[in-house]
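Please give me a guided tour of this structure. I have it open in a viewer and want to know what to select next and what is there.

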Amino acid sequence: MSHSGGSGPRCIPEEPTFANTSEREVWQRLKASLGDDDVLLANLRLTDEAKDHEADIIVLMPDIGAIVLEIKGGSVWHNAEGWFGKRSTGETRLWPVDQARDCKHAVRQYVEANPAWGSRGRVAWAHGVVTPHSEFPPEFSVPELPRWALHDRVDQDTLGQRVRENGWGLSHGHRAPTHDDVEAMVEILTGPVQTAYDLDAEAAERAAEADRLTQEQSMLLGVTRLLRRVEVRGGAGSGKTVLALQQAKELSRGRAGERPAQRVALLCYSIGLAEFLKRQVAGWPRQHRPAFVGTFHEFGQQWGAPEGDRQDSDFWEVELPRLMGELVAEVPESKLYDAVIVDEAQDFADAWWAPVMGALRDENEGGLYVYSDENQRIFARFGRPPVQLIPLVLDHNLRNTKQIHQAFGPLAPSRMYSRGSEGPAVRFVAAAKDQAMDAADDEVEALLEAGWNPGSVCLLTTGHRHPEQQSQTERHGQLGYWRSFWEGEDVFYGHVLGSKGLERKAVVLCVNESGERDRARERLYVGMSRATDMLVVVGDPEVVRRVGGDRVASRLGIA
């Protein structure tokens, strides 16, 4: 039944674009004659395993049915050979009934297969053909299409009523859809809710490009194949850790006809970086894995070194390396190493190198590969290996966006060239020292509201640790705390002292110190360079200027 005085059917889209005038004319007639509860959908495209389908118009009518209409404008006729139409190129064979019927089945199956349809079962679906410019006699009939399902030029004035009757006539005994059924059809056919702009997706694309560049840089390892004592120097974001991992893999697996597989140890200082190295190596084939991966302390524990107190600096700087030296002297040769790789080697104290060298099967010829960045030397340790190393320099930043690298670039000891992608602008938020933590928390919330995934966000402090970091460490211990970083399920709270070699897509750096302690510049450098895609620096403008200098202040927008 036609409606009168109502708002008319719901149209999806409200103003569709049609391929020809015929389709638009039929749309307008149905729009003017269908009821307020009916729904009109135009140009619905659907692909199944058989082929691509396109419905010119679908009409959804509560208490009647759903009908798929195929519209053929211009001159259309039917003879013993089938359906034909007149085009500018001449006579053309048409299959309007096949198109309407196949599309009906495809759309119905798509709806019924969707979980949102649930257990509603089969409802009435029909198909019809509209020829708005061609006329067929009332007695016209073909087996595949009753005359009342063919709507010609003469039928256009009553098209709305005819479409309803078409729906009833081809229901094949199935129940009519309810209002709720029609709403479910609309939800399924118009697709899911539109997704938001995905900040993490952009960051993932930049990370993939950084990985590609880092792998490209791994060709540098070819230079070291004949060298046994090498120091690879590079600033933040130069890909040192990835190269250290790749070298550990290549030495462990060997190369047929060129060099045998070696027993390799891969070391670092921080627990967080060690967890990352272990996770990476765990995914490799067994024959590619180094024999040992872990911290300097864990290196000694394999020989029986004690646990020790993390607050006892004398134990770490003096007692532990002495004990390790004594223990390694008793280790059988089969348990020693052909090569040792040390990542973030600037963290190692002088006394630590003796047990490292002692762990080599051949202290004179055994492999020692050191990866370092002197500007990340944020502990009061100034150790150097007791042997001559051949230096190789990485002078390209690959891991940070151009904007982030430009911001921390003046803090680097030597010039580096940015090969990272373009990214969001670096932001600076002014806050007094005693208010910086609260301001940093606000910035974390702002990043989450902007669409960043919590697991992509990190808050780092340069002074006192964030209460959340202290709480997590107390609850889970050091190992559990650092595992949460790599699980990446929530915002991570850390300190720059433990973050070297680690990175997060979005970092809020809280400069909550006066800048008067030793190595404040290095802490600022490390903190800023942990962000790969988005960096927000929070702190006192004068402190940042004093620590980082005028160039860093200028690049952060500090007047």
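**Stop 1: the whole chain**

Show everything as a cartoon. This is a predicted model. The protein has 15 helices and 22 strands. Turn the view along the principal axes: the C-alpha atoms fill a box of roughly 105 × 60 × 45 Å. The radius of gyration is 35 Å, whereas a compact globule of 559 residues would have one near 24 Å. Colour by accessibility next. Of the 559 residues, 53% count as buried.

**Stop 2: the largest cavity**

Now look inside. There are 3 cavities of 30 Å³ or more. Go to the largest cavity, which holds about 50 Å³ of space. Which residues line it? Select C458, L460, F485, F492, S499, L502, E503, R504, V507 and R530. By class, this lining has 6 nonpolar, 1 polar and 3 charged residues.

Where does the charged end of R504 sit? It sits over the ring of F485, 4.1 Å from the ring centre.

**Stop 3**

Select R263 and Y337. R263 lies over the face of Y337. The distance to the ring centre is 4.6 Å.

**Stop 4: aromatic rings**

Show the side chains of Phe, Tyr and Trp. The structure holds 20 aromatic pairs. One of them is formed by F292 and F299. Two numbers describe such a pair: the distance of the centres and the angle of the planes. For F292 and F299, the centres are 5.1 Å apart and the planes are at 55°, a tilted pair.

Next, select Y269, F296, F348, W352 and W353. These residues form one aromatic cluster.

**Stop 5**

Start with G118. It lies in the loop between α2 (96–113) and β8 (125–130). G118 counts as exposed because its relative accessibility, 51%, is over the 50% cut-off. Draw a distance from G118 to S418. These residues are 300 apart along the chain, and their C-alpha atoms are separated by 53 Å.

Move to Q109. This residue is in helix α2. Why does Q109 count as partly exposed? Its relative accessibility is 41%, so it falls between the 20% and 50% cut-offs. Q109 and T92 are 17 residues apart along the chain, with 30 Å between their C-alpha atoms.

Finish at A305. Its place is in the loop between α8 (296–301) and α9 (313–328). Is A305 buried or exposed? A305 is buried, with a relative accessible area of 8%.

Note on methods: Residues are numbered from 1 along each chain as its sequence is written. This is a predicted model: local features need pLDDT of at least 70, side-chain atom pairs count only at pLDDT 80 or more; totals for chains, interfaces and linings use all residues. Side-chain values use heavy atoms; hydrogens and water are left out. On a 1 Å grid over the protein atoms alone, a cavity is a set of points where a 1.4 Å probe fits but cannot get out, and a pocket is an open set with protein on both sides within 12 Å along at least five of seven lines; lining residues have an atom within 4 Å of a point. Grid points are joined across faces, edges and corners, and a volume is the space filled by probe spheres set on the points. Ala, Val, Leu, Ile, Met, Phe, Trp, Tyr, Cys and Pro count as nonpolar, Asp, Glu, Lys and Arg as charged, and the others, Gly among them, as polar. Rings of Phe, Tyr and Trp (its six-membered ring) pair if their centres lie within 6.5 Å; planes under 30 degrees apart count as stacked, over 60 as edge-to-face and the rest as tilted. A charge sits over a ring if NZ of Lys or CZ of Arg is within 6 Å of the ring centre and within 35 degrees of the ring normal. Helices (H or I, at least four residues) and strands (E, at least two) are DSSP runs, numbered from the N terminus. The radius of gyration is taken over C-alpha atoms; the globule rule is 2.2 Å times the number of residues to the power 0.38. Buried means under 20% relative accessible area, exposed over 50%, partly exposed in between (1.4 Å probe, protein chains only).
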